[in-house]
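Visitor: I would like to go through this model with you and ask, at each step, what the wording rests on.
Guide: Then let us begin by looking at it.

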Amino acid sequence: MGLFDGLLGNASEINPKEVEQELRPILAEGEGVESVFKVIRDMFVFTNKRLILIDKQGITGKKTDYHSVPYKSISHFSVETAGTFDVDSELKIWISSAVEPTIRKEFRKDSNVFVVQATLAKHVLK
């Protein structure tokens with residue numbers, strides 16, 4: 001997994017220490033980055049306290065949205081796998097008492113969406 005996986009929409013795991021340095025200004029005291037998955041330009045950052053979804057926007061990617069979700073706020077989540085004619089799998093996350101999924105992220109059919117889901121389960125189901 002590497003550059004081409006990210007460009008194709010596959011989740012590739014990247015070094016948490018590199019991302020932790022970049023996120024130092026927004027991390028709480030005692031918070032550390034445990035694992036990071038990159039999909040194209042976006043990232044799923046799993047810390048010891050929360051999930052941070054990083055959405056790079058615009059042509060240059062300089063505009064960035066940091067969406068923080070405390071693990072205790074995640075009520076449930078699901079993975080919808082790609083079917084025969086589908087090209088994407090989808091991870092859905094519900095926050096608190098929301099009826100519809102608050103967060104939806106698409107992954108390529110052959111990506112490792114289950115690795116991201118397993119990491120989410122590890123943190124939410126503590």
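This is a predicted model: local features need pLDDT of at least 70, side-chain atom pairs count only at pLDDT 80 or more; totals for chains, interfaces and linings use all residues.

Visitor: What is the mean pLDDT of the chain?
Guide: The mean pLDDT of the chain is 86, and 86% of its residues reach 70 or more.

Visitor: How many aromatic pairs does a search of the whole structure find?
Guide: The search finds two aromatic pairs. In one of them, Phe37 and Phe46, the ring centres are 6.1 Å apart and the planes stand at 85°.

Visitor: Why is the pair of Phe37 and Phe46 called edge-to-face?
Guide: Ring centres must lie within 6.5 Å for a pair, and planes over 60 degrees apart count as edge-to-face; with centres 6.1 Å apart and planes at 85°, Phe37 and Phe46 therefore form an edge-to-face pair.

Visitor: What makes Phe37 and Phe46 buried?
Guide: Buried means under 20% relative accessible area; Phe37 has 1% relative accessibility, so Phe37 counts as buried, and Phe46, with a relative accessible area of 1%, is buried as well.

Visitor: Why is the pair of Phe44 and Phe107 called stacked?
Guide: The centres of Phe44 and Phe107 are 5.7 Å apart, with 25° between the planes, and planes under 30 degrees apart count as stacked, which means that this pair is stacked. The pair links distant parts of the chain, since Phe44 lies in strand E3 (residues 42-47) and Phe107 in strand E8 (residues 103-108), 63 residues apart.

Visitor: Are Phe44 and Phe107 buried or exposed?
Guide: Phe44 has 4% relative accessibility and therefore counts as buried, while Phe107, with a relative accessible area of 1%, is buried too.

Visitor: Which residues have the most contacts inside the largest nonpolar core?
Guide: This core has 20 residues, and those with the most contacts inside it include Phe44, Phe46 and Leu120. Among the elements that give two or more residues to the core are strand E2 (33-39), strand E4 (50-57) and helix H3 (113-124); H3 gives the most, with five residues.

Visitor: How do you know that Lys92 is buried?
Guide: Lys92, in strand E7 (residues 88-95), has 14% relative accessibility, and the cut-off is under 20%, so Lys92 counts as buried. Its side chain makes a polar contact with the side chain of Glu80 (3.2 Å).

Definitions and conventions. Residues are numbered from 1 along each chain as its sequence is written. Side-chain values use heavy atoms; hydrogens and water are left out. Rings of Phe, Tyr and Trp (its six-membered ring) pair if their centres lie within 6.5 Å; planes under 30 degrees apart count as stacked, over 60 as edge-to-face and the rest as tilted. Buried means under 20% relative accessible area, exposed over 50%, partly exposed in between (1.4 Å probe, protein chains only). Helices (H or I, at least four residues) and strands (E, at least two) are DSSP runs, numbered from the N terminus. A polar contact is a pair of N or O atoms within 3.5 Å; within protein, one must be able to donate a hydrogen and the other to accept it, and residues adjacent in sequence count only if both atoms are side-chain atoms. pLDDT is the predictor's confidence in each residue, from 0 to 100. A nonpolar core is a set of buried Ala, Val, Leu, Ile, Met, Phe, Trp, Tyr and Cys residues joined through side-chain atoms within 4.5 Å.
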